[in-house]
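Please keep both in view while reading.

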Amino acid sequence: MATVLLVEDDQMVRGALVRALSGLGHVVLPVGTALDALREAAKHEPDLVILDLGLPDLDGAAALRMLRGHSDVPVIVATARGDEQSIVRLLNDGADDYVVKPFSSTQLAARMNALLRRSGRPSASTPDLGELTVGELSISLARRQATLAGRPLELSRREFDLLAYLAEHAGRVVSRKELVEAVWHQHPFVGHDQTIDVHMSWLRRKLGESASHPRYLHTVRGVGLKLVEPA
């Protein structure tokens, strides 16, 4: 199961795709404008974006470039133009794949699964990758689900990736540089400390703890972060 941001202004097409993708087990976030898409991408950090180019408020290619300014999420572009020059331009702008209208939901699903597999994100056919357990915290890598004392945790994609990485290295102090490279897939950048701190704050809140009273997530000042089983 993946969280898919669907950006399509045609209500009938959008509705049909929501039904098809939901039927495959994906969580679909449907929007009809570029601005809503950028807002939802920042808020929910989806596993994949399906982006129609013919949007009412902003050119889809421009929206793609804006999205690429802050996210490496896989993007499939839906376009009415299938000529080589247009496709090359879209790929250069940051698209990972494309479908030419009209297209079937079967074709789209196949491209989605292939892209999700390549990116390491969950697809409809992702095999069981195992469970991580630290105290009462359980993490399913395949299902991308986490529970605390049996209670499901509502995590964004980045929050899950961050928690899973720390759980995979439970008990070890992980540097912020390592987290940026392993979780964000970027080289350290100006402001990355603040980005990590914000996500850690969100995670702590969902785990029912705080920086001043940590249970699972501990900050080792000047070194990094670690996840441990509560004493």
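## Basis of the report

The structure is a predicted model. Local features are reported where pLDDT is at least 70, and side-chain atom pairs count only at pLDDT 80 or more.

Strand 1 (residues 3–7) and strand 3 run parallel and are joined by 4 bridges. Within this pair, Val4 stands opposite Leu48 in strand 3.

Leu6 belongs to strand 1. Its relative accessible area is 1%, and because the limit for a buried residue is under 20%, Leu6 is classed as buried. Apart from its neighbours within four places in sequence, Leu6 is in contact with Arg14, Leu17, Val18, Val28, Leu29, Pro30, Val31 and Ile50. Leu6 and Ala63 are 57 residues apart along the chain, and their C-alpha atoms are separated by 13 Å.

Asp59 is located in the loop between strand 3 and helix 3. With a relative accessible area of 45%, Asp59 is partly exposed. Between Asp59 and Arg19 there are 26 Å in space, C-alpha to C-alpha, and the two are 40 residues apart in sequence.

## The enclosed cavity

How many cavities of 30 Å³ or more does a search of the whole structure find? The search finds 1 such cavity, and the volume of the largest cavity is about 60 Å³.

The lining of the largest cavity is made up of Leu5, Val7, Ala34, Ala37, Leu38, Val49, Leu51, Ala63, Leu64 and Leu67. At least two lining residues come from each of strand 1, helix 2, strand 3 and helix 3 (60–68). By class, the lining of the largest cavity holds 10 nonpolar residues, with no polar and no charged ones.

## The largest pocket

The largest pocket contains about 560 Å³ of space. Its lining comprises 22 residues, and those nearest the centre of the pocket are Thr3, Arg144, Glu154, Leu155 and Ser156. Strand 2, helix 2, strand 8 and helix 6 (157–168) are the elements that give two or more residues to this lining. Strand 8 gives the most, with 3 residues.

The lining of the largest pocket divides into 10 nonpolar, 5 polar and 7 charged residues.

## The antiparallel hairpin

Strand 10 (residues 217–220) and strand 11 (residues 224–227) run antiparallel and are joined by 4 bridges. Val220 stands opposite Gly224 in strand 11. The two strands form a hairpin with 3 residues between them. In the turn, Gly222 has a positive phi of about 80 degrees.

## Backbone details in the loops

Most residues other than glycine have a negative phi, and most peptide bonds are trans.

Glu45, which is not a glycine, has a positive phi of about 45 degrees. It is found in the loop between helix 2 (34–44) and strand 3 (48–52). Is Glu45 buried or exposed? Its relative accessibility is 12%, so Glu45 counts as buried. Ala149 also has a positive phi in a residue other than glycine, near 55 degrees. Ala149 occupies the loop between strand 8 (145–148) and strand 9 (151–152), and because its relative accessibility is 53%, Ala149 counts as exposed.

The peptide bond from Lys101 to Pro102 is cis, with omega near -5 degrees. Pro102 lies in the loop between strand 5 (97–100) and helix 5 (105–119).

Definitions and conventions
Residues numbered from 1 in each chain as written. Heavy atoms only, no water. Buried < 20%, exposed > 50% of the residue type's maximum accessible area, 1.4 Å probe, protein only. Pairing = 2+ DSSP bridges. 1 Å grid on protein atoms, 1.4 Å probe; cavity = no way out; pocket = protein on both sides within 12 Å on 5 of 7 lines; lining within 4 Å. Points joined across faces, edges and corners; volume = space filled by probe spheres on them. Nonpolar A, V, L, I, M, F, W, Y, C, P; charged D, E, K, R; others polar. Contact = heavy atoms within 4.5 Å.
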